[in-house]
Amino acid sequence: MATDGGRPIGRRVFLGTLGLGAAAIAAAPTLQKTWSGTLGDLSQLDPTGVSGLLPNPGGFRYFSVAGHVDKADPATYRLTVGGLVDHPLELSLADLRAMRQTRITRDIVCTDGWSVEQVPVEGVRLADLLDAAGVQQGAAAVRFSCFDGVYTESLTLEQARRRDVLVALRMEEKPISHNSGGPVRLYVAPMYFYKSAKWLSGIEVVEKVEPGYWEQTGWPVDAWLPGQEPADA
Ligand SMILES: Nc1nc2c(c(=O)[nH]1)N[C@H]1C(S)=C(S)[C@@H](COP(=O)(O)O)O[C@H]1N2
Ligand SMILES: [Mo]
């Protein structure tokens with residue numbers, strides 16, 4: 001749970017307000033595509049002004065470019081891994097939970113100017129899934145799809161194989177809630193949070209990077225957080 005001077009701030013405060021905000025982002029080409037967004041920018045998008053009243057931008061904001069997203073039934077949820085692989089996979093939540101779990105605790109940062117410090121996130125390394133599926137020659141990128149039917153993301157294969165890129169099952173010591181993109185979301189720890197696709201449903205190994213939802217509007221595919229770029233990038 002994020003805290004603001006010790007007082008927990010539920011992300012629920014933002015539910016319903018920022019969903020609309022995200023739609024406004026999609027519709028507002030004038031919106032600053034800089035790394036240095038501020039809370040001021042955010043409150044422009046927030047018709048209630050709630051975010052503008054907060055003394056400190058602590059806590060997650062709810063984001064979805066899709067208006068309504070049906071909840072996944074944990075019993076029937078499946079994550080597919082396909083494309084240029086030797087063994088396409090279709091994994092249940094139980095399958096994912098049975099694999100080696102990795103825990104990462106880092107700051108989560110959105111380009112809109114909010115961040116949450118030191119959030120524990122747990123799940124399966126994307127690299128382990130790629131190894132299990134067997135990546136074929138000629139593959140160079142990974143494309144992610146979401147069961148909201150709209151959002152997509154991409155990584156280069158090299159980025160996807162990093163140890164700090166997870167197919168996440170838990171955040172803040174709990175299973176990932178629907179509003180946080182559960183039951184399964186991507187977590188790309190070294191990059192801005194837009195890379196961390198919510199409601200993950202498909203992982204496809206492909207020949208070249210296909211820009212994701214935001215990237216088609218100009219945001220970089222390589223969304224390294226300050227200080228996280230690999231030395232040879
Ligand atoms: N499917 C999906 N994933 C998404 C988004 C989205 O709109 N749809 N928004 C991205 C952005 S810009 C951010 S900041 C985070 C927000 O995650 P949260 O709602 O858990 O705070 O999810 C990212 N992943
Ligand atoms: Mo974001």
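This is a predicted model: local features need pLDDT of at least 70, side-chain atom pairs count only at pLDDT 80 or more; totals for chains, interfaces and linings use all residues.
Two strands pair if DSSP finds at least two bridges between them.

Entry on strand β12. I looked up residues 200–206, which form strand β12. Six of the seven residues are buried, so the strand is largely enclosed by the rest of the structure. I then checked its partners. Strand β3, residues 79–83, runs parallel to β12 and is joined to it by four bridges. I find I203 in β12 as the bridge partner of V81. Strand β7, residues 141–146, runs antiparallel to β12, with six bridges between them. Here C146 has L200 of β12 as its bridge partner.

Entry on strand β11. I looked up residues 185–188 and asked which residues lie on each face. V167 stands opposite L186 of β11.

Entry on ligand 1. I counted its surroundings: 21 residues, the closest being R61, V65, D148, R185 and K198. By class, the shell holds 13 nonpolar, three polar and five charged residues. Next came the backbone contacts. An oxygen atom of ligand 1 lies 3.0 Å from a backbone N or O atom of F63. For V65, a backbone N or O atom is 2.9 Å from an oxygen atom of the ligand. A polar backbone atom of S196 is 3.1 Å from a nitrogen atom of ligand 1. Taken alone the ligand exposes 530 Å², and the protein buries 98% of that.

Notes. Residues are numbered from 1 along each chain as its sequence is written. Chains are lettered from A and ligands numbered from 1 in the order in which they are written. Side-chain values use heavy atoms; hydrogens and water are left out. A residue is near a molecule or strand if one of its heavy atoms lies within 4 Å of it. A polar contact is a pair of N or O atoms within 3.5 Å; within protein, one must be able to donate a hydrogen and the other to accept it, and residues adjacent in sequence count only if both atoms are side-chain atoms. Accessible areas come from the Shrake-Rupley method with a 1.4 Å probe; for residues, only the protein chains shown count as cover. Ala, Val, Leu, Ile, Met, Phe, Trp, Tyr, Cys and Pro count as nonpolar, Asp, Glu, Lys and Arg as charged, and the others, Gly among them, as polar. Buried means under 20% relative accessible area, exposed over 50%, partly exposed in between (1.4 Å probe, protein chains only). Helices (H or I, at least four residues) and strands (E, at least two) are DSSP runs, numbered from the N terminus.
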